[in-house]
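This briefing is meant to be read alongside the sequence and the coordinates.

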Amino acid sequence: MSSTVNESISWSCKSTWTKASKNTLWCLLGCSIGDFGTIFFFQVTQIPLALIWIMSLAIINGLITSILLETFILSKQMNLSNAFKTAMGMSFLSMLAMEIAMNAVDVIFAGGILVWWVIPFMLLAGFLTPLPYNYYRLKKYDESCH
């Protein structure tokens with residue numbers, strides 16, 4: 001009979017926090033490009049669309065640009081097909097949480113308008129929200145996209 005032992009995760013590993021932080025920052029860069037670009041586009045063009053739809057599009061575009069950036073980065077380490085598959089296999093839960101946190105901060109503090117002073121708070125929320133989950137995945141599964 002085989003039994004599995006459920007080992008607890010140590011949350012005090014500095015090297016894992018460092019790696020999880022770097023991975024999260026790359027994801028944040030990719031997500032921010034599509035997210036901020038979408039919000040800015042609707043501000044500039046003043047296309048009349050409900051805030052919920054603008055934020056939904058911003059989330060979708062943020063996910064797309066994150067996957068594109070990850071594919072580009074990974075294509076330096078592997079062929080394009082495998083890079084895309086790896087980028088697609090990243091944790092959508094983590095990216096989605098990042099996007100929702102960023103847009104929630106924007107809506108709550110600036111009414112969904114992209115203003116310079118809200119961007120650092122959006123980025124901080126987008127970084128901190130998925131960071132513990134990314135650390136957990138690194139520790140438990142040794143899964144990373146970089």
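**Overall make-up**

Of the 146 residues in the protein, buried residues make up 40%. The model is a predicted one, and it has six helices and zero strands, so that its elements, taken from the N terminus on, run α-α-α-α-α-α.

- Taken along the principal axes, the C-alpha atoms of the protein fill a box of roughly 65 × 35 × 30 Å.
- The accessible surface comes to about 8,700 Å², and carbon and sulfur atoms account for 69% of that area.
- Among contacts in the protein with a separation of 6 or more, 74% are between residues 24 or more positions apart.
- The protein carries 8 positive and 7 negative side chains, and the centres of these two sets lie 10 Å apart.

**The largest nonpolar core**

- The largest nonpolar core has 30 residues, and those with the most contacts inside it are Ile 39, Met 95, Met 98, Met 102 and Met 122.
- Two or more residues of this core come from each of helix 1 (14–45), helix 2 (51–74), helix 3 (80–88), helix 4 (92–110), helix 5 (119–128) and helix 6 (131–141).
- In soluble globular proteins, nonpolar side chains tend to be buried together.
- Ile 39, when residues up to four places away in sequence are not counted, touches Met 55, Ala 58, Asn 103, Asp 106, Gly 112, Leu 114 and Met 122.

- The structure holds four aromatic pairs, one of which joins Trp 11 and Trp 17 in a tilted arrangement, at 6.1 Å centre to centre and with 40° between the planes.
- Trp 11 counts as partly exposed because its relative accessibility is 42%, and Trp 17, with a relative accessible area of 24%, is also partly exposed.
- The rings of Trp 11 and Tyr 135 have their centres 5.0 Å apart and their planes at 20°, which is under the 30 degrees required, and therefore this pair is stacked.
- Because Trp 11 lies in the segment before helix 1 and Tyr 135 in helix 6, the pair ties together parts that are 124 residues apart in sequence.
- Tyr 135 counts as buried, since its relative accessibility is 0%.
- Trp 11, Trp 17 and Tyr 135 form one aromatic cluster.

**Thr 16 and its contacts**

- Thr 16 lies in helix 1 and is buried, because its relative accessible area of 12% falls under the 20% cut-off.
- Leaving aside neighbours within four places in sequence, Thr 16 is in contact with Tyr 135, Leu 138 and Lys 139.

How values were computed: Residues are numbered from 1 along each chain as its sequence is written. This is a predicted model: local features need pLDDT of at least 70, side-chain atom pairs count only at pLDDT 80 or more; totals for chains, interfaces and linings use all residues. Side-chain values use heavy atoms; hydrogens and water are left out. A nonpolar core is a set of buried Ala, Val, Leu, Ile, Met, Phe, Trp, Tyr and Cys residues joined through side-chain atoms within 4.5 Å. Buried means under 20% relative accessible area, exposed over 50%, partly exposed in between (1.4 Å probe, protein chains only). Helices (H or I, at least four residues) and strands (E, at least two) are DSSP runs, numbered from the N terminus. Contact means heavy atoms within 4.5 Å. Rings of Phe, Tyr and Trp (its six-membered ring) pair if their centres lie within 6.5 Å; planes under 30 degrees apart count as stacked, over 60 as edge-to-face and the rest as tilted. Accessible areas come from the Shrake-Rupley method with a 1.4 Å probe; for residues, only the protein chains shown count as cover. Lys and Arg count as positive and Asp and Glu as negative; His and the chain ends are not counted. The place of a charge is taken as NZ of Lys, CZ of Arg, CG of Asp or CD of Glu.
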